[in-house]
Amino acid sequence: MKSVARRVAVAGVMLASAVYPSNAAELNTMNDVGAAIQACWTPPADAGTASVTLSFSFRRDGTLIGAPRPTAIKVDGDANAKKSFVEAATTALRKCLPLTFSPKLAQGIAGNVFTLQFASPK
């Protein structure tokens, strides 16, 4: 029975790391942080010219404090189009986590509020 439980646990860890890979490269500046998060961003295919700005805070360990909050949404279309775009941006942010901060960056980053704009290609 222990063998089955161990295999299930290992499979769960492997699946979690495949779906949500952590950004293993150590980040030294906020520009590095922005670039790492933007690398995870894939806008919805039918977004047109759209953008959303998310506001969020990090812990020193590279995870979020609370949920990201949209602070500016510029999306043509109905409420579903806006919701889809915001969800895509939120997903991009979450799938990059946890980020790996350098010790110096981790010391200064915790608890501060940051904003990042996610935009569709023009």
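**View 1. Buried residues of the predicted chain.** Of the 122 residues in the chain, 34% are buried (under 20% relative accessible area; exposed is over 50% and partly exposed lies in between, with a 1.4 Å probe and protein chains only). The model is predicted, so local features need pLDDT of at least 70 and side-chain atom pairs count only at pLDDT 80 or more, while totals for chains, interfaces and linings use all residues. Residues are numbered from 1 along each chain as its sequence is written, and side-chain values use heavy atoms, with hydrogens and water left out. The accessible surface of the chain is about 7600 Å², and carbon and sulfur atoms hold 58% of that area (Shrake-Rupley method, 1.4 Å probe; for residues, only the protein chains shown count as cover).

**View 2. Helices and strands.** The chain has four helices and five strands (DSSP runs numbered from the N terminus: helices are H or I with at least four residues, strands are E with at least two). Their order from the N terminus is α-β-α-β-β-α-β-α-β. Among contacts with a separation of 6 or more, 79% join residues 24 or more positions apart (contact: heavy atoms within 4.5 Å).

**View 3. The disulfide of Cys40 and Cys96.** The structure contains one disulfide (a pair of cysteine sulfur atoms within 2.5 Å). The sulfur atoms of Cys40 and Cys96 are 1.7 Å apart, and the link is right-handed, with 125° about the S-S bond. The pair links distant parts of the chain, 56 residues apart: Cys40 is in the loop between α2 (30–38) and β2 (51–57), and Cys96 is in the loop between α3 (79–95) and β4 (99–101).

**View 4. Burial of the two cysteines.** Cys40 has a relative accessible area of 17% and is therefore buried. Cys96, at 2% relative accessibility, is also buried.
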